[in-house]
Amino acid sequence: MHPSYSHILICRTDNIGDVVLTLPLAGYLKSLYPGIRIDFLCSAYAASVVSNCRFVDQVIVLETLEDPAAYFARESFDTIIFAFPHRRLALAARKAGVKNRVGNSHRLFHWFTCNKLAHFSRARSALHEAQLNFALLRPMGIHYTPPLAAIPALFGLSAPRQVAIDALFSAAPFNLILHPKSNGSGREWPLGHYTQVAQRLLPYPNICVWITGSAAEAIAIAQEAAPLLALPNVQSVCGKFDLESLTALIGACDGLVASGTGPLHMSAALGRPTLGLFPPAKSINPARWGTLGEQGQTLCLVKCGGGCHDGATCACMRGITPEQVVAVILEWNRKKMDTAPEHALVDVQVAG
């Protein structure tokens, strides 16, 4: 083991997708220094996902820390990595006298709270978000940027099994999740396109379509896409699961389709067949946020067609056709049916 690193805390307190794409740091550090302890500090909302990562020894919930400096000192962290800037936590780490305090130099407060600065720009980089996180290791003397193909093995994420989820999915041989909304975190594929996908899957009785999202998103979907929810092959579970149960749901599904949002990255990291829908715009395109998983795929127009300043009317997202998405889903279905011959696939041509 490296003599300087024995107990590292990774702090990532923002959105679930960002948190998931930070987990490979823990996986790599565990492989580099066998026996090292890696803790992870995140928001209460993301904690249940991180707790299912085998590379994380302990999950610390931000909202429970009344005195972060006292906690950092008591836990004797030798290194804290601020994968997401947090002024209060950075000040606490300095006060606690943590030996190695790592942060991005683009945040001014890191210059007087962190003693190891990583000099890189997320906005100007051509790297994927998961690769960019590895730049935070450079001030620690670790110079490694994993190729995209190496990242899936570093997630270490697994889904809990829940009897209720297994029972929910038992009625259909193929359970597909459509996650239409993004809680405002990315460009969304039109709800009408999701409706067309579900309609085109009607001739395949072995496929059940599940709509996921928050309780607030359930209201928006009901108002804006009533025809989708009215289809006989569609069931909505929006707002019905906490994050732990949603993780179990995604882990048990046969495929998930979404734009750039947390459940998309959860699904890819869990190794599920996952299709991400992205615009070609820089900083929100697949090069930066694409699905990284053994069964992850992405659809994106080659170049922007213009008129995409308003995310709600993005022509680049509209340009991804329902036919393209259905083709991917049916290929997932075919592969599953090939390994489960007791379920016969209904052979019906999809209308063009």
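Serine 283 first. In this predicted model, serine 283 is partly exposed, with a relative accessible area of 34%. Where is serine 283 found? In the loop between strand S11, residues 274-278, and helix H15, residues 286-289. Now its backbone. Serine 283 is not a glycine, yet its phi is positive, about 80°. Most residues other than glycine have a negative phi.

Next, serine 76. Here too phi is positive in a residue other than glycine, near 55°. Serine 76 sits in the loop between H4 and strand S4, residues 79-82. Buried or exposed, then, for serine 76? Exposed, because its relative accessibility is 51% and the cut-off for exposed is over 50%.

Helix H4 covers residues 68-75, and helix H5 covers residues 87-96. How do H4 and H5 pack? At an angle of about 50°, with their axes 8 Å apart. H4 and H5 are therefore oblique to each other. Their crossing is right-handed. Who makes the contact? From H4, Pro68, Ala69, Phe72 and Ala73. From H5, Arg88, Leu89, Ala92, Ala93, Lys95 and Ala96. By class, that contact has 8 nonpolar residues, 2 charged and no polar.

On to the aromatics. How many aromatic pairs does a search of the whole structure find? It finds 9. Take tyrosine 5 and tyrosine 33. Their pair is tilted, at 5.9 Å centre to centre and 40° between the planes. This pair links distant parts of the chain, 28 residues apart. Tyrosine 5 lies in the segment before strand S1, residues 7-11. Tyrosine 33 lies in the loop between helix H2, residues 23-32, and strand S2, residues 37-42. Tyrosine 5 and tyrosine 33 are both buried.

Now a second pair, tyrosine 71 with phenylalanine 77. Ring centres are 6.3 Å apart and the planes stand at 45°, so this pair is tilted. Tyrosine 71 counts as buried, at 11% relative accessibility. Phenylalanine 77 is buried as well, with a relative accessible area of 5%.

One cluster to finish the aromatics. Which residues form it? Tyr28, Phe134 and Tyr144 form one aromatic cluster.

To recap. Serine 283 and serine 76 carry positive phi values. H4 and H5 are oblique to each other, with a right-handed crossing. And tyrosine 5 pairs with tyrosine 33 across distant parts of the chain.

Notes. Residues are numbered from 1 along each chain as its sequence is written. This is a predicted model: local features need pLDDT of at least 70, side-chain atom pairs count only at pLDDT 80 or more; totals for chains, interfaces and linings use all residues. Side-chain values use heavy atoms; hydrogens and water are left out. Axes are lines fitted to C-alpha atoms, for helices over the stretch in contact, and angles run from 0 to 180 degrees between N-to-C directions. Helices (H or I, at least four residues) and strands (E, at least two) are DSSP runs, numbered from the N terminus. Angles under 35 degrees count as roughly parallel, over 145 as roughly antiparallel, 65 to 115 as roughly perpendicular and the rest as oblique. A crossing is left-handed if the near helix is turned anticlockwise from the far one by less than a right angle, and right-handed if clockwise. Contact means heavy atoms within 4.5 Å. Ala, Val, Leu, Ile, Met, Phe, Trp, Tyr, Cys and Pro count as nonpolar, Asp, Glu, Lys and Arg as charged, and the others, Gly among them, as polar. Rings of Phe, Tyr and Trp (its six-membered ring) pair if their centres lie within 6.5 Å; planes under 30 degrees apart count as stacked, over 60 as edge-to-face and the rest as tilted. Buried means under 20% relative accessible area, exposed over 50%, partly exposed in between (1.4 Å probe, protein chains only).
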